[in-house]
Amino acid sequence: MRRNIKTTEAIFPMPVLMIATYNEDGSIDVMNAAWGTMLSRNHVILNLTETHKTVKNIKERKAFTVSIADSKHVVEADYFGVVSGNNTPNKFENSGLTTTKSQNVDAPVINEFPICFECEFIEYQDGEYGCGVIGKVINVTVDESVMNGENVDIELVNAIAFDPYTHGYYKVTERVGNAFKDGLQLKK
C-alpha cells in the first residue's frame, strides 16, 4: 500500500554543493545549495533566488566555484546553509576552512572539499519556471587523496547527500552496480 505525503520537494539524494564567490571587497562568500545539478556535460545549473548574497556576487564577478561537500566537513557545509552572507560578512572566516584563488575563474576554490568545479557565469533565469544560475564548467580540480590512478574514487570522496524528508545528511560511499552495463542482463 502507498501513502500520500505533503512534501513535493523530495527527490533523494540531493547533492550538497558549496557555491563559493568573492564579495565586492575580495572576501570569501560560500553558500550551501542542494538544488543544483549538471545541465549538460559542461554546464551546471543552480536553483537559487536573487536574494542570496552569492547570486549577487556571481552576477558581479561573472564566476563561481561548486564544491562537493564531504562527510569530514558536514558541520561546515551545514553552517554555510544556515547562516546568510547578507547578515554575517565574516561567514567563511568563522568556518576555519581555507581557499586558493582559482587559476581559471574569478572565484575561490575551497581547499578542504575534494572536488571543485570552476565555473564561468552564463546567465540567470528568473521567469516563473526560471532555473536560476547557469554556469559553464571551465575546469575541475580534484584532491589527489580521492584519486585511484587516473579516476576519481567516489568511495574515497565520501560525498554527502541531503535528505529532504527528514533534513538529514547521508554519506554516499558504496558502489552497488555498473552504469550502462548491469541493465544489459535484461536486454533480449
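Strands β2 and β3 form a hairpin with five residues between them. Glycine 26, in the turn, has a positive phi of about 90 degrees. Strands here are DSSP E runs of at least two residues, and helices are H or I runs of at least four, both numbered from the N terminus. This is a predicted model: local features need pLDDT of at least 70, side-chain atom pairs count only at pLDDT 80 or more, and totals for chains, interfaces and linings use all residues. Residues are numbered from 1 along each chain as its sequence is written, and side-chain values use heavy atoms, with hydrogens and water left out.

**Pairing of β2**
- β2 (residues 17-22) pairs antiparallel with β3 (residues 28-33) over six bridges; pairing requires at least two DSSP bridges between two strands.
- Alanine 20 stands opposite valine 30 in β3.
- β2 also runs antiparallel to β6 (residues 63-68), joined by four bridges.
- Isoleucine 19 faces valine 66 in β6.

**Burial of β2**
- Six of the six β2 residues are buried, so the strand is largely enclosed by the rest of the structure.
- Buried means under 20% relative accessible area, exposed over 50%, and partly exposed in between (1.4 Å probe, protein chains only).
- Leu17, Ile19 and Thr21 point one way; Met18, Ala20 and Tyr22 point the other.

**Backbone exceptions**
- Most residues other than glycine have a negative phi, and most peptide bonds are trans.
- A cis peptide bond, with omega about 0 degrees, joins phenylalanine 12 and proline 13.
- Proline 13 lies in the segment before β1 (14-15).
- Asparagine 158 has a positive phi near 55 degrees, in the loop between α4 (154-157) and β13 (159-163).
- Histidine 167 has a positive phi of about 60 degrees, in the loop between β13 and β14 (168-172).
- Histidine 167 counts as exposed, at 60% relative accessibility.
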